[in-house]
Amino acid sequence: MRRLIKNNVSWIGYIDWELESFHGDDYSIFNGSSQNAYLIEEEKTVLIDTIWTPHRFDYIENLKSEIDLNKIDFVVANHGECDHSGALQALMPELKPGTPIYCTANAVKSIEGQYGKRGWNFKVVKTGDSVEIGNNKKLVFVEMRMLHWPDSMATYMTGDNILFSNDAFGQHFAVEELFNDKADQCLLYKEAMKYFANILNPFAALVSKKLDEIAKLNLDIDIIATSHGAIWRDNPMQIVKKYAEWANAYQENQVTVAYDTMWEGTTKIAHKISEEIARQSPDTVVKVFNIAKSDKNEMMTELFKSKAIAVGSPTVGNSILSSVMGWIEFAKQLKFKNKKAAAFGCYGWSGESVKILQERLKDAGFNVIDENIKSAWTMTPEDEAKIPELVKSLLA
Ligand code: FEO
């Protein structure tokens, strides 16, 4: 069923209360999500994006219950990823033959790459291109290359001052009432940050550049209509300001201690390091995770907030635990900047883990400190005595 966004603009998407993961299982979802698509009914009738493939028939049935599909003049595909383009295959044959799809050149590639060449009437647009929709309103397109796909773009509707931002400013978060002022504010920001840290942070430099570019366009923005989660209508620029902060090597006064363990020797070191951080710097937030037992996306959000991390693994098979190896590789993908890191771990005989952790953390872009804790079998009083120096260096 359509929900009114403003004047002749409606939401016609899918709120998914049951979704537990995204991008396969690479992104955890604990508070539902939504695929937001929109219907504009000015002199022209326009669809902004569609929804994910599994819900394509709900989407089309919803549309049919609201409008005659023959009235649709064109579709805007802001992004080719299948959570927004997944209903096109079923939808396009229901529309008038030759109904245009406005999108970027890269979106033609991604859409045809996924669904094959179907003879759809793509209208390729670039930043600044626009199309009239009647009633003195138009849609202006803004390429959002690599935010987060090469094909991404946003669409700005003049007159109603709505920015259809697609993935940017979104959250995997189900909000029945749709709007940010109706959402649980803690969860809203938690999910918006998780989305940024886990999806957009690799492109943080481009986010900063794009925000500057959008600012120069001097658009009046009354609503940011995202493609996931809450739609920002109450002070929509609040999330733009947050993105500007988050995109600039963001950190809070927080340190994260993350480890995995075989027989709890490395756990003991982790706990001692955590205690020492709290002792030396009571204002610093300390987060402690067993990597194998914690959600990786939630951990990465905490990493995103941290100014420093301490990472531990025992030595196993002349290396480190696979859980920790994979975790560091994921952190590398997210391209965190300006964060210190320390390594620690127990060993029984060969003892390579600390050296490997340091190498991997450096390779992942962390500023690795020399101080480390490498304990034979279990932490000795001598090892423990080195922890204050390690923490001092980590906090400096
Ligand atoms: Fe929500 Fe990049 O898809």
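Domain 1 and domain 2 bury about 1200 Å² between them, 52% of it on carbon and sulfur atoms. Buried area here is the accessible area (1.4 Å probe) that two parts lose on being put together, summed over both. The structure is a predicted model, in which local features need pLDDT of at least 70 and side-chain atom pairs count only at pLDDT 80 or more, while totals for chains, interfaces and linings use all residues. Residues are numbered from 1 along each chain as its sequence is written, and side-chain values use heavy atoms, with hydrogens and water left out.

Domain 1 covers residues 3-246 and domain 2 covers 254-395, with bounds that come from an automatic or database domain assignment. Their C-alpha centres are 39 Å apart. Where the two domains meet, 14 residues of domain 1 are in contact with 13 residues of domain 2; contact means heavy atoms within 4.5 Å.

The interface also holds three salt bridges, each defined as a side-chain nitrogen of Lys or Arg within 4 Å of a carboxyl oxygen of Asp or Glu. A salt bridge links Lys-190 with Glu-298, and the closest N and O atoms of this pair are 2.6 Å apart. Helices (H or I, at least four residues) and strands (E, at least two) are DSSP runs, numbered from the N terminus.

Attention now turns to strand β15. Five of the five residues of β15 (residues 162-166) are buried, so this strand is largely enclosed by the rest of the structure. Buried means under 20% relative accessible area, exposed over 50%, and partly exposed in between (1.4 Å probe, protein chains only). In a regular strand the side chains alternate between the two faces of the sheet. For β15, Ile-162, Phe-164 and Asn-166 are buried on one side, and Leu-163 and Ser-165 are buried on the other.

The partners of β15 complete the picture. Strand β14 (residues 153-157) pairs with β15 in the antiparallel sense over three bridges; two strands pair if DSSP finds at least two bridges between them. Tyr-156 stands opposite Leu-163 in β15. Four residues lie between the strands of this hairpin, in which Gly-159 takes a positive phi near 85 degrees. Strand β16 (residues 223-226) runs parallel to β15, joined by four bridges, and Ile-223 in β16 is the bridge partner of Ile-162.
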